[in-house]
Amino acid sequence: MHIARRTLLGALAGSAAFGAAGVPSGTAGAVERAGDGPPGGAAAAALARLLPRHHRQVAFRTVARAGGTDAFRVSGQPGRITVEGTTPAVQLAGFHRYLRDVARAHISWNGEQTALPDRLPAVRTPLTGTANAVHRFAFNDTNDAYTGPYRGWDYWEREIDVLALHGFNEVLVYAGADTVYLRTFLEHGYTEAELLRWIPGPAHQPWWLVQNLSAFGGPVSRPLLDRRLALAQRIVRRLRELGMTPVLPGWFGTVPPDFVRRNQGARVVPQGDWGGFHRPDWLDPRLPHFARVARTYYRVQRELFGATTMYKMDLLHEGGTAGDVPIGDAARAVEKALRTAHPDAVWAILGWQTNPRREILDAVDRSRMLVLDGLSDRNTKVTDREADWGGTPYAFGSIWNFGGHTAMGANAPDWVRLYDQWRRKPGSALRGIALMPEAADNNPAALALFSDLAWTDRPIDLDTWFARWPGYRYGGADPNAERAWRILRRTAYGTTRADGWSESADGLFGARPDLAVNRAASWSPRQERYDVAEFAKALPALLAVAPELRRSSAYRYDLLDVARQAVSHRARLLLPRVKAAYEAGDRRRFGDLTRQWLDWMALLEDVVATDDRHLLGRWIADARAWGGTAAERDRLEDDAVSLLTVWGPRDSANAGKLHDYANREWSGLVGGLYRLRWSTYFTELDAALTERRKPRPIDWYTLEERWLRAHGALATTARGDVVRLARTVASRL
């Protein structure tokens, strides 16, 4: 064991002798007991939110961090549990370990199981944990959009609590960046009205911040930006209270149109197009104007949020061009601007496609850069990041879904094998993990397993891990639950990067119709990555779980997820039969099979309608709630729904191939747009068979746009019994 870890664990072991009396609040060794009155401590306050019946039975103590290493220790008697840790967030991670290992309980972003006895059980042998990773980073650049661009504080408060429970310490915060840009460029020749037209709607802002587009979904209003700023400030404040690092967007040169005319002597490099969108210009970093704008940007950002220690910037993201600007010179100027404002900050950059380019790494102080590797579990050619990135510190990352697809699964064997190998290799530059699904709030087993990588000293054994998972996920041992998760471990969670993918295949019910279609999103896997017949066996096993273990929201979510995915699989099994009947001219069989297709869609709609987080109506209501006028509410709804469907204007949806990039099996989408498309298509094919002609082409974008404008009322609250519906699914498989 590393000496710093030995020292810290020794301190934790000795801290059991700490007494509450005479220890000043806020110092190492201070007691945080929930319910002692304000301030009570950030961990205690979080526990009061999460476990209001039990929080007074837990005391939190803060100990000094030794050698930069986070650690926790949990001990105690029945009803009096003591959690010691280096930050409030680490203390919550320690308490969650106690819930899992001792109390057989669990809290996640998809359901929880907290049926605890009146007195919390004792810890027979103290639980200890030491982080093997300095950086435990959460969120993709796209998270704010695909997870929920219009969520409020109630959502974010719980989301932050869940991240802390899972041991994360760095969280990307994009909310509020719109106000930083607004106030910055007000000082560089623009009017407020011009900037409000340039800033995209919240659902599309992440791509603006990485210089892919602007304006779409707008114009935005100043009251909207003010509300978003207030939310962002609460997010940042809560992260700091918990001892977590808010990671804020840095500035690397994105400017509004017509910058040169308004700023004499400036020079921009046009960035061309991305996915059918015109990209914003890039200000030449070598000239004095860049430094001036950067000074304004970082001053405004500090005034609004305070300083932090990590800033995210993706220079030349996804096809960005440097023109005739030497990339090394540009990188040095971007780094200098950051260092002038924040001398000790870390520059975080996404490892994706060809980024970060070697010219960037060779030009900057690599010791103060962190590469968030988005290809660790996707590309078999990724074997030596030390060589690829010249020893730059990096985090092992996973993007287990793109666009927020609802498919469950992950390349779990790669995680446990590669992470342990890479961090132990001589000269390793691996310094952390990076949780980067394009949308969060899905795949709870993946969340738990991935976060455990950073808190486990030895390689994780997947068979053991998945055998234990249902015990605390549902609240007790059950052979059927264990059987279900053995099946899921071998199928959805048994895939590897050998086939070049990190996510499961999306469902064909959400695809633009075609008899040969093999994916809904243009960049999704073209076939299932595991045995779907074997996967289907998990559903009856879950349904056979003991009744007393079926009461939690965790169980209900998992049952929905498996039932949903089992239904989704039917499309890939049924479509070749539909195609064969059509090509054979067998109209009767074609009609029978297409009715089966639409029946499966109706059942899928009913299954997902049982959960609030699977409702398009809820997504729309969240967006409309941010609007101050009827026109703004309509505009925000369009911003939110277009992201999940057409994504952008016609050129982006079609030529840019962005349509259905964010497809998901949600109530309102499955029974609304998706069913409309397939029924329209089948009707046309049937007419072609009847009239013995070729089918007429369908303008899908026009149909989709028409539905977006007139989809009718959609449910905002869940309905139906997921257990009953899952039984129906199982009976029909």
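How much accessible surface does the protein have, and what share of it belongs to carbon and sulfur atoms? The accessible surface comes to about 26400 Å², and 50% of that belongs to carbon and sulfur atoms. Areas here come from the Shrake-Rupley method with a 1.4 Å probe, and for residues only the protein chains shown count as cover.

## Before you start

This is a predicted model, where local features need pLDDT of at least 70, side-chain atom pairs count only at pLDDT 80 or more, and totals for chains, interfaces and linings use all residues. Residues are numbered from 1 along each chain as its sequence is written, and side-chain values use heavy atoms, with hydrogens and water left out.

## The whole protein

You'll find 28 helices and 20 strands here; helices (H or I, at least four residues) and strands (E, at least two) are DSSP runs numbered from the N terminus. The radius of gyration is 26 Å, close to the 27 Å that the globule rule gives for 733 residues, so the protein is as compact as a globular protein of that length. That radius is taken over C-alpha atoms, and the rule is 2.2 Å times the number of residues to the power 0.38.

## The largest pocket

A pocket is an open set of points on a 1 Å grid over the protein atoms alone, where a 1.4 Å probe fits, with protein on both sides within 12 Å along at least five of seven lines; lining residues have an atom within 4 Å of a point. The largest one holds about 610 Å³ of space, a volume being the space filled by probe spheres set on the points, which are joined across faces, edges and corners.

Its lining has 27 residues, with Glu318, Trp352, Gln353, Glu438 and Tyr661 nearest the centre. Helix H8 (205–209) and strand E13 (273–274) each give at least two residues to that lining.

## The second largest pocket

Next comes a pocket of about 530 Å³. Here 20 residues form the lining, and Arg97, Trp455, Thr456, Arg458 and Arg468 lie nearest the centre. Helix H17 provides the largest share of this lining, four residues.

## A look at Thr594

Thr594 sits in helix H22 (residues 587–608). Thr594 counts as buried because its relative accessibility is 8%. Leaving aside residues up to four places away in sequence, Thr594 touches Val578 and Phe682, where contact means heavy atoms within 4.5 Å.

Methods. Buried < 20%, exposed > 50% of the residue type's maximum accessible area, 1.4 Å probe, protein only.
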